[in-house]
Amino acid sequence: MGRVSQSPDCGRSQLLLIDVQERLLPAMSDANATVDAQRILLEAAHCLEVPLTVSEQYVSGLGPTIEPLRALTASSVVLEKRHFSCQSDEALAARIKDLADRSGRDQLVIAGIEAHVCVLLTALECQRDGLDVHIVADAVTSRSLQDVALGLARAADAGIACWPLESLLFGWCHSSTHPQFKAVSALVRDRVRS
């Protein structure tokens, strides 16, 4: 069994963006709002120096990560996978483990699609392997909102923390005295306005 989830800490976190791809996204529920949350999450992670790993499922069939997010992932590690769980893919599992072991990044924050398949299976397997796993609830989606709810409920039942985006971001900062708090706060304010 994995660790009991603790409040997220930007110094202990690594971010995993799962399969937000060109030919997959159009079939997803609430896609625009989800991508907006993912964009803010990626921008905040960059600002707070949280390392990012991106998975892409079967790129020749589903295409690469969508353009609005691809521009924000230019300096991150992007790995193709064939397994539904990232943790079952050797290269992705090695990357996640390396960040946890070598850099103390033992909190895995997950966003992506689909919430009830790749996101959930990855979260469960990473928790099993000892990581403190967190899912950003409004930065995941599936083809149906019922599947999103069921996927998040299953994760929560397993002890995986499911956070609203703003809670996670302010948890990363811990207080308004954090050097990047104003930048992160501005990202949240911009979201509220749109």
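How are H1 and H7 oriented relative to each other? The model to be toured is predicted, with local features requiring pLDDT of at least 70 and side-chain atom pairs counting only at pLDDT 80 or more, whereas totals for chains, interfaces and linings use all residues. Residues are numbered from 1 along each chain as its sequence is written, and side-chain values use heavy atoms, with hydrogens and water left out.

**Stop one: H1 and H7.** Select helix H1 (residues 31–47) together with helix H7 (residues 165–173), whose axes come within 11 Å and cross at roughly 5 degrees; H1 and H7 are therefore roughly parallel to each other. Helices (H or I, at least four residues) and strands (E, at least two) are DSSP runs, numbered from the N terminus. The axes are lines fitted to C-alpha atoms, for helices over the stretch in contact, with angles running from 0 to 180 degrees between N-to-C directions; angles under 35 degrees count as roughly parallel, over 145 as roughly antiparallel, 65 to 115 as roughly perpendicular and the rest as oblique. From H1, the contact (heavy atoms within 4.5 Å) involves Ala37, Ile40, Leu41, Ala44 and Ala45, which meet Leu165, Leu168, Leu169 and Trp172 of H7. In H7, the buried residues are Leu165, Leu168, Leu169, Gly171, Trp172 and Cys173, where buried means under 20% relative accessible area, exposed over 50% and partly exposed in between (1.4 Å probe, protein chains only). Just after H7, look at His174, which takes a positive phi of about 70 degrees.

Colour Val148, Gly151, Leu152 and Ala155, which are buried in H6. Seen down the axis of H6, these buried residues fall within an arc of 95 degrees, so they line one face of the helix, the arc being that of the directions from the helix axis to the C-beta atoms. On the face turned away from the buried side, Gln146, Leu150 and Asp157 are exposed. The buried residues of H6 pack against helix H5 (115–128), strand S5 (132–141) and strand S6 (161–163).

Then select Thr141, located in strand S5 and buried at a relative accessible area of 1%; leaving aside residues up to four places away in sequence, its contacts include Met28, Thr34, Glu114 and Val148.

**Stop three: backbone geometry.** Most residues other than glycine have a negative phi, and most peptide bonds are trans. Centre on the peptide bond from Ile113 to Glu114, which is cis, with omega near -10 degrees; Glu114 lies in the loop between strand S4 (107–113) and H5.

**Last stop: the cysteines.** A search of the whole structure finds zero disulfides, a disulfide being a pair of cysteine sulfur atoms within 2.5 Å. The sulfur of Cys86 is 6.9 Å from the closest cysteine sulfur, in Cys118, too far for a bond.
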